[in-house]
Amino acid sequence: MMTGTPPDDGEGDAGIAVKTKPRTKRPPLYKVLLLNDDYTPMEFVVHVLERFFGMTHAQAFEVMLTVHKKGVAVVGVFSHEIAETKVGQVMDFARRHQHPLQCTMEKE
Ligand code: TYC
């Protein structure tokens, strides 16, 4: 018994070669950015980086200092859904503690 469509011979309906490249689509990635401000305590930022981005204390301290000195740093690269979740978690946590810490995401 024959079922399904026959394999594509790459010749189209008119017998002309019209090969299409097999394109594998990778989902776009998003950078999660942490922004500096003058009020959020350094230790709070370090805690955020440990808690939501799985950094060690030493890593978190280093990244926090980079944001403090340069104004912004990429703290992770994720799929759209994971990046949105991380941004939401950080913004919610900062708001609950009444710190003005800002976290955003942008397409890589
Ligand atoms: N600039 C803040 C301070 O001096 C510390 C800080 C670091 C705040 C990183 C936000 O994303 C930040 N207390």
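I began with a term: a polar contact is a pair of N or O atoms within 3.5 Å, and within protein one must be able to donate a hydrogen and the other to accept it, with residues adjacent in sequence counting only if both atoms are side-chain atoms. With that in hand, I went to T40 and found one of its backbone N or O atoms 2.9 Å from a nitrogen atom of the ligand.

I also noted the ground rules: this is a predicted model, where local features need pLDDT of at least 70 and side-chain atom pairs count only at pLDDT 80 or more, while totals for chains, interfaces and linings use all residues. Residues are numbered from 1 along each chain as its sequence is written, and side-chain values use heavy atoms, with hydrogens and water left out.

I looked at D37 next, where a polar backbone atom is 2.7 Å from a nitrogen atom of the ligand. In N36 the side chain takes part: one of its N or O atoms is 2.8 Å from a ligand nitrogen. I then checked the cover: the ligand taken alone exposes 350 Å², and the protein buries 89% of that (areas by the Shrake-Rupley method with a 1.4 Å probe; for residues, only the protein chains shown count as cover).

**Ligand, shell.** Which elements give two or more residues to the shell? I listed β1, α1 (42-53) and α2 (57-70); helices (H or I, at least four residues) and strands (E, at least two) are DSSP runs, numbered from the N terminus. The largest share, three residues, comes from α2. I wrote down the residues around the ligand (a heavy atom within 4 Å), among them L34, L35, M42, M64, H68 and L101. By class I have seven nonpolar, three polar and one charged, where Ala, Val, Leu, Ile, Met, Phe, Trp, Tyr, Cys and Pro count as nonpolar, Asp, Glu, Lys and Arg as charged, and the others, Gly among them, as polar.

**Fold.** I read the order of elements from the N terminus as β-α-α-β-α-β. How does β1 pair with β2? Strand β1 (residues 30-35) runs antiparallel to β2 (residues 72-78) over six bridges, and strands count as paired if DSSP finds at least two bridges between them. In that pair I found Y30 bridged to F78. Six bridges also join β1 to β3 (residues 102-107), again antiparallel, and there K31 stands opposite E106.
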